[in-house]
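Here is a short briefing to read with the coordinates open beside you. Take the topics in any order you like.

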Amino acid sequence: MDLVRNLFGSTIGRKLLMAVTGVVLIVFVIGHLVGNLQVFEDPDRINGYSHFLQSLGPALWAARIFLLVCVALHIWAGTVLAIEARRARGAESYAVKKWIQATVASRYMRWTGYVVLAFILYHLAQFTVGVAQPGTFKANLPHYTMKGAYRVLGVEVVRAGTDVLDVRSMVILGFGNRLVAVFYIVAVGLLSLHLLHGADSLFQTLGWRNHRWARGLRVVVTVFCAAYFLGNLAIPGAALLGVLH
Amino acid sequence: MTTPKTFNVTVRVWRQVGPGREGRFVEYPARGVNPDMSFLEMLDVLNDELAARGEEPIAFSHDCREGICGTCSLVINGKPHGPNHGVASCQTYMRSFRDGDRIVVEPFRARAFPVIKDLVTDRSAFDTIQQAGGFITARTGSAPEANAAPVPKHVADLAMDAAQCIGCGACVAACKNSSAMLFVASKVSHLGLLPQGQPERDSRVLAMVSTMDGLGFGGCTNQYECSAACPKLISHDFIARLNRDYTKAVFRSAFKPEPAGGGET
Ligand code: HEM
Ligand code: SF4
Ligand code: FES
């Protein structure tokens with residue numbers, strides 16, 4: 001099939017796959033952060049939210065598989081492009097190496113990407129599979145009884161009095177380990193740096209960027225990345241400072 | 001008219017006797033440099049001295065020496081075409097340097113642009129890309145009526161911006177991935193913007209991109225080193241346009257109805 005060959009086999013096609021999967025991942029990380037920030041509200045919120053996600057069953061699995069496919073495609077395309085780019089450079093490199101206008105974030109995409117990957121694997125091991133810190137895993141978590149109902153868009157999805165996992169305690173326990181909290185902060189910092197180039201670059205790849213609004217895009221992306229980083233910093237930061245307990 | 005004050009520099013040049021051979025840097029003093037000399041003229045004078053001493057002159061590519069042919073191709077102090085913005089090596093003047101400077105001169109580096117000798121590289125890969133789709137089908141014979149195909153002014157201007165590309169390859173030389181995207185983008189856009197370029201619009205972009213990939217140029221990481229090094233200041237907006245054109249062509253070609261059998265194409 002020409003379509004598959006062009007998308008997976010050409011440099012532009014692979015870059016397009018990176019941009020599209022990048023958009024999916026960006027939407028996911030925003031949703032993930034907004035959901036997690038409920039930890040600062042009444043325990044009913046974050047615990048009800050996580051119970052609701054767990055109760056989705058097959059839909060949750062479908063979403064997980066879809067996200068994993070996106071991550072895999074993103075990394076595959078990025079790695080293949082990086083190998084090809086290195087080969088394209090040729091054997092002899094310049095004696096004087098100079099950057100003219102490439103942004104700092106754009107020069108470290110591969111590094112920030114792979115550290116984020118390492119973090120994703122650890123994160124899944126910790127909170128989804130439960131091998132990294134068994135004490136914080138579902139099976140060993142204390143339970144919590146919902147004081148009120150949890151609603152999504154006004155629809156009641158978890159009833160008051162339901163016995164749910166105490167995810168709030170899990171987060172606090174997990175970040176009680178300073179090393180885990182610091183690794184988390186470093187990783188989201190690098191992800192923010194990844195997005196400082198990525199969220200701008202994807203518009204170029206999709207063909208929607210031009211000089212008329214490149215500057216505006218830059219501002220929006222920078223503000224987004226700063227907000228994303230601060231939002232993510234808040235949770236382990238609060239746990240470390242003992243604000244969250 | 002006063003005679004400009006001359007000065008001395010040291011040039012550190014890549015010397016390589018032939019394709020695939022080991023190369024190395026050699027330093028040469030260039031004395032009595034006139035600031036109004038072009039960089040290439042400075043090399044000419046140096047070469048005269050080398051020849052007078054019975055040494056092999058430094059090989060470098062050049063032709064028009066006025067920034068329109070795209071033949072000159074030096075990387076000067078780490079930047080293709082030297083320190084100035086929007087000029088080719090041949091339009092770089094010695095007044096851009098100071099007395100005592102040590103100037104490093106290297107050939108364009110990319111696997112698709114092998115060094116032939118010293119600072120001369122084989123850039124025929126660009127011709128191969130151009131031959132894959134950088135043309136239009138036109139009726140030959142008498143010239144067509146000039147106003148038969150109306151082109152809005154802003155479209156014509158944009159097409160002319162793209163058409164400024166002189167095919168020098170500085171974009172590839174500046175790119176950390178040795179990507180030819182800026183060159184291909186300007187060729188694809190220049191024809192794709194105009195009515196005359198429409199019949200082959202999709203086949204052109206598909207063929208030029210696949211030829212570009214096949215020749216071993218890298219992909220684009222949207223860092224825009226190319227447009228910063230381009231002597232014609234071709235905008236990387238054309239790369240966004242190329243991405244868009246390519247994507248549309250990929251989907252159109254996959255879903256376009258085929259004519260029923262029997263057609264001879
Ligand atoms: C939540 C995780 C991630 C998000 C949201 C994300 C997002 C993005 C986005 C939007 C781009 C720009 C695509 C474009 O220029 O069109 C990008 C580029 C890139 N990503 Fe990620 N990414 C993530 C994880 C990763 C991981 C785990 C890797 C591991 C290798 C990675 C490697 C790269 C590389 C190398 C590029 C540059 C590609 C290029 O310029 O050719 N990313 N990312
Ligand atoms: S796009 Fe600019 S740098 Fe690249 S070949 Fe054309 S003129 Fe040279
Ligand atoms: S020699 Fe023709 S552009 Fe420099």
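This is a predicted model: local features need pLDDT of at least 70, side-chain atom pairs count only at pLDDT 80 or more; totals for chains, interfaces and linings use all residues.

**Charged pairs**

- Both D2(A) and R5(A) belong to helix α1 of chain A, where three residues, or about one turn of the helix, separate them.
- D2(A) has a relative accessibility of 41% and therefore counts as partly exposed, since that class runs between 20% and 50%.
- R5(A) has a relative accessible area of 55%, so it is exposed, the cut-off being over 50%.
- Another salt bridge in chain A joins R45(A) to E41(A), with 3.2 Å between the closest N and O atoms.
- R45(A) is partly exposed because its relative accessibility is 32%, and E41(A) is partly exposed because its value is 40%.
- In chain B, R53(B) forms a salt bridge with E55(B), and here the closest N and O atoms are 3.0 Å apart.
- R53(B) counts as exposed because its relative accessibility is 52%, while E55(B), at 35%, counts as partly exposed.
- Shared partners also tie salt bridges into one network, made up of D200(A), R209(A) and R218(A).
- Over all chains, the search of the whole structure returns 19 salt bridges.

**The iron site**

- Which residues of the protein are donors to the iron atom of ligand 1? They are H74(A) and H194(A), each through its NE2 atom, at 2.0 Å from the iron.
- The iron atom of ligand 1 has six donor atoms, and the angles among them run from 86 to 179°, giving an octahedral site.
- Are the two histidines buried or exposed? Both H74(A) and H194(A) are buried.

**Where chain A meets chain B**

- On chain A, 36 residues take part in the contact, and on chain B, 50 residues do.
- About 3700 Å² is buried between chain A and chain B, and carbon and sulfur atoms account for 54% of it.
- How many salt bridges are counted between chain A and chain B? The count is zero.
- Polar contacts do cross this interface: 28 residue pairs qualify, with both residues at pLDDT 80 or more.
- On the side of chain A that touches chain B, at least two residues each come from α1 (2-9), α2 (11-36), α4, α5 (104-107) and α8 of chain A.
- Which helix gives the most to that side of chain A? It is α2(A), with five residues.

**Chain B as a whole**

- Chain B contains eight helices and seven strands.
- The C-alpha trace of chain B spans about 70 × 45 × 40 Å along its principal axes.
- Chain B has 265 residues, and 52% of them count as buried.
- Taking contacts in chain B between residues at least 6 apart in sequence, 70% join residues at least 24 apart.

Conventions
Residues are numbered from 1 along each chain as its sequence is written. Chains are lettered from A and ligands numbered from 1 in the order in which they are written. Side-chain values use heavy atoms; hydrogens and water are left out. Donors are N, O and S atoms within 2.8 Å of the metal (3.2 Å for Na, K and Ca); water is not among the atoms, so sites may look incomplete. Four donors count as tetrahedral if all angles lie between 85 and 135 degrees; four count as square planar and six as octahedral if opposite donors are over 155 degrees apart and all others between 65 and 115; anything else is irregular. Buried means under 20% relative accessible area, exposed over 50%, partly exposed in between (1.4 Å probe, protein chains only). Contact means heavy atoms within 4.5 Å. Buried area is the accessible area (1.4 Å probe) that two parts lose on being put together, summed over both. A salt bridge is a side-chain nitrogen of Lys or Arg within 4 Å of a carboxyl oxygen of Asp or Glu. A polar contact is a pair of N or O atoms within 3.5 Å; within protein, one must be able to donate a hydrogen and the other to accept it, and residues adjacent in sequence count only if both atoms are side-chain atoms. Helices (H or I, at least four residues) and strands (E, at least two) are DSSP runs, numbered from the N terminus.
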